Amino acid sequence: MPIKPSGRKKQTLTSKKHLLAKMLDYVKKSVSIVQRRTFLIILSLIQSIIVARTLGPEGFGIAIMIMLIPGYMEKFGRLGLGSAATYMISSGKLKVEDTAKILMFFSLSVGFLPLLLLPVYYQHFLSYFLDNKNVAMLTVAFLLLSMPGVFINNYFSNVMISYEDVKSVNSIAVISKVINFAVTVSLLLLTDLNYVAVFAGSFAFNVSSALIALHYYRKYTGTLPLPGFNKEIFKTLWGYSKKIYLSMNVAYMHSNLVTLFLAFYLSSKEVAFFCI
């Protein structure tokens with residue numbers, strides 16, 4: 001007659017099985033992230049080659065320099081609230097619906113704030129690089145109108161991370177990048193839009209990633225987030241995010257400051273060579 005395990009042994013076996021299942025889930029999620037990053041690197045490399053060959057060294061350098069500005073806006077404008085939201089929601093200190101209202105409020109207010117700088121962009125920056133005024137204006141429009149999408153994608157991807165939903169985060173990144181690749185490459189190869197094609201692709205990426213992120217958020221909550229500002233919730237988020245906001249931006253500046261200086265002191269051809 002087989003000996004039945006005691007209650008303590010059963011509990012030990014159950015806890016070991018639970019620990020093993022968590023480890024396997026962790027490994028599975030880690031592998032999926034590596035697969036996502038590998039795919040995105042390969043696709044981005046192919047896209048960069050096509051853009052560089054189509055625009056030429058000078059045009060590619062100009063595109064890189066123009067993209068520096070929205071990149072800096074995004075890094076400094078998101079205030080570290082996405083990381084704070086991940087921690088607060090996952091730890092149960094804030095409700096996801098209340099946090100989402102704050103995130104949507106900042107996505108739209110900070111995202112559309114650069115539109116006030118449109119004349120500055122147009123007259124003192126883009127018009128210097130781009131001879132065609134229509135191309136310059138379209139470039140400005142695509143860059144600035146896509147900024148809210150940049151913040152929505154970042155913030156609500158962090159909400160998915162708080163749920164440990166790696167699959168959704170991977171889907172947002174992969175689908176939006178495929179759309180970006182398809183729009184950019186097709187416009188470059190089938191039309192003569194050049195710069196407009198590159199920034200139209202960037203616009204498609206930001207808008208699609210924002211819409212997909214909101215779609216996954218709705219799957220969890222059943223509603224779409226409306227913008228709202230609550231002083232106490234913001235103080236809670238900012239109390240955490242301000243601790244990492246400075247370090248995040250110092251790290252970003254350290255890695256991108258050289259490129260920024262190059263944009264002002266070297267020719268566009270030399271910038272393109274350095275960034276490749």
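A residue is buried under 20% relative accessible area, exposed over 50%, and partly exposed in between (1.4 Å probe, protein chains only). At 46% relative accessibility, Val27 therefore counts as partly exposed. Val27 belongs to helix α1, residues 7–77; helices are DSSP runs of H or I with at least four residues, numbered from the N terminus.

The model is predicted, so local features need pLDDT of at least 70 and side-chain atom pairs count only at pLDDT 80 or more, while totals for chains, interfaces and linings use all residues. Residues are numbered from 1 along each chain as its sequence is written, and side-chain values use heavy atoms, without hydrogens and water.

Leaving aside neighbours within four places in sequence, Leu237 is in contact (heavy atoms within 4.5 Å) with residues including Leu81, Met88 and Ile102.

The structure holds 11 aromatic pairs. Rings of Phe, Tyr and Trp (its six-membered ring) pair if their centres lie within 6.5 Å; planes under 30 degrees apart count as stacked, over 60 as edge-to-face and the rest as tilted. Two of the pairs are listed here.

| Pair | Centre to centre | Angle between planes | Type |
|---|---|---|---|
| Phe151 and Tyr155 | 6.2 Å | 35 degrees | tilted |
| Phe234 and Trp238 | 6.5 Å | 10 degrees | stacked |

Phe151 and Tyr155 are both buried and lie 4 residues apart in helix α6. Trp238, at 28% relative accessibility, counts as partly exposed.

Terms used: Helices (H or I, at least four residues) and strands (E, at least two) are DSSP runs, numbered from the N terminus.
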